[in-house]
Amino acid sequence: QVQLVESGGGTVQAGGSLRLSCAASGSIVSSNAMGWYRQAPGKQRELVAQITTGRTTDYADSVKGRFTISRDSAKNTVYLQMTSLKPEDTAVYYCKADVITRGSRGDYWGQGTQVTVSS
C-alpha cells in the first residue's frame, strides 16, 4: 500500500504565499515523476507543476514565475512553493506520484488540500 499525504493548504490574501508538502509512504522502492494538480469548483483537474527524478520541471503557464516545485527524493516528498497568489488559484490541490513498489508500478494520488485566496 502507498499513501500520499498533503499538508500546507489554507486561506491567504491575494499576493500572499503558501507552501504545500506531499509525503509518500508505504512499500516504496522509488518514486519517479511527482506533481501537483488542482481542481476548482466546476472545472476539470489540471496540472500545476511536475518534477522528474532528474529534477526537470514543468509548469502550467498560469503559474510560471510564481510557483516553484521541488522534491526530496530520499524522503519521497514533493513541495510546491506558491507566491503572489491570486484568487483564481483557489482550488483543491492534489499531489500525484509515479511510484515503484515491490512488483508493481503505478500512479498514486493524495486526498487533496484546499487553497483559498481571498481578494
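A salt bridge is a side-chain nitrogen of Lys or Arg within 4 Å of a carboxyl oxygen of Asp or Glu. The side chains of K64 and D61 meet in such a salt bridge, with 3.1 Å from N to O. The model shown in these views is predicted: local features need pLDDT of at least 70, side-chain atom pairs count only at pLDDT 80 or more, and totals for chains, interfaces and linings use all residues. Residues are numbered from 1 along each chain as its sequence is written, and side-chain values use heavy atoms, with hydrogens and water left out.

**View 1. Salt bridges of R38, E46, R66 and D89.**
A search of the whole structure finds six salt bridges. R38, E46, R66 and D89 are linked in a network of them. The side chains of R38 and E46 meet at 2.7 Å, N to O. R66 forms a salt bridge with D89, and their closest N and O atoms are 2.8 Å apart. R66 lies in the loop between β6 (57-59) and β7, and D89 in the loop between β8 and β9, so this pair ties together parts that are 23 residues apart in sequence. Here, helices (H or I, at least four residues) and strands (E, at least two) are DSSP runs, numbered from the N terminus. Burial is given as relative accessible area: buried means under 20%, exposed over 50%, and partly exposed in between, with a 1.4 Å probe and protein chains only. R38 is buried at 7%, while E46 is partly exposed at 35%. R66 is buried at 10%, and D89 is buried at 1%.

**View 2**
A disulfide is a covalent bond between the sulfur atoms of two cysteines. In this model a disulfide is counted when a pair of cysteine sulfur atoms lies within 2.5 Å, and the count comes to one. C22 and C95 form the disulfide, with their sulfur atoms 1.9 Å apart. The pair links distant parts of the chain, C22 in strand β3 and C95 in strand β9, 73 residues apart. The torsion about the S-S bond is about 40 degrees, so the disulfide is right-handed. C22 is buried, with a relative accessible area of 1%, and C95 is buried at 0%.

**View 2. The largest nonpolar core.**
A nonpolar core is a set of buried Ala, Val, Leu, Ile, Met, Phe, Trp, Tyr and Cys residues joined through side-chain atoms within 4.5 Å. In soluble globular proteins, nonpolar side chains tend to be buried together. Of the 30 residues in the largest core here, W36, L80, M82 and Y93 touch the most other members. The elements that give two or more residues to this core are β1 (2-7), β3 (18-26), β4 (28-39), β5 (46-51), β7 (67-72), β8 (77-82), β9 (91-101) and β11 (113-118). The largest share, five residues, comes from β9. Contact means heavy atoms within 4.5 Å. Not counting residues up to four places away in sequence, Y93 touches residues including L20, W36, V48, F67, L80, M82 and V115.

Two strands pair if DSSP finds at least two bridges between them. β4 and β9 pair in the antiparallel sense over nine bridges, and R38 stands opposite Y93 in β9. Five bridges join β4 to β5, and these strands also run antiparallel. The bridge partner of W36 in β5 is A49. The hairpin of β4 and β5 has six residues between the strands, and in this hairpin G42 takes a positive phi near 80 degrees.

**View 3. Surroundings of K96.**
K96 lies in strand β9. A polar contact of 3.3 Å joins the side chains of K96 and Y37. A polar contact is a pair of N or O atoms within 3.5 Å; within protein, one must be able to donate a hydrogen and the other to accept it, and residues adjacent in sequence count only if both atoms are side-chain atoms. Leaving aside its neighbours within four places in sequence, K96 is in contact with L4, A33, M34, G35, Y37, D107, Y108 and W109.

R55 is not a glycine, yet has a positive phi of about 65 degrees. R55 lies in the loop between β5 and β6 and is partly exposed at 46%. S84, also not a glycine, has a positive phi of about 50 degrees. S84 is in the loop between β8 and β9 and is partly exposed, with a relative accessible area of 40%.
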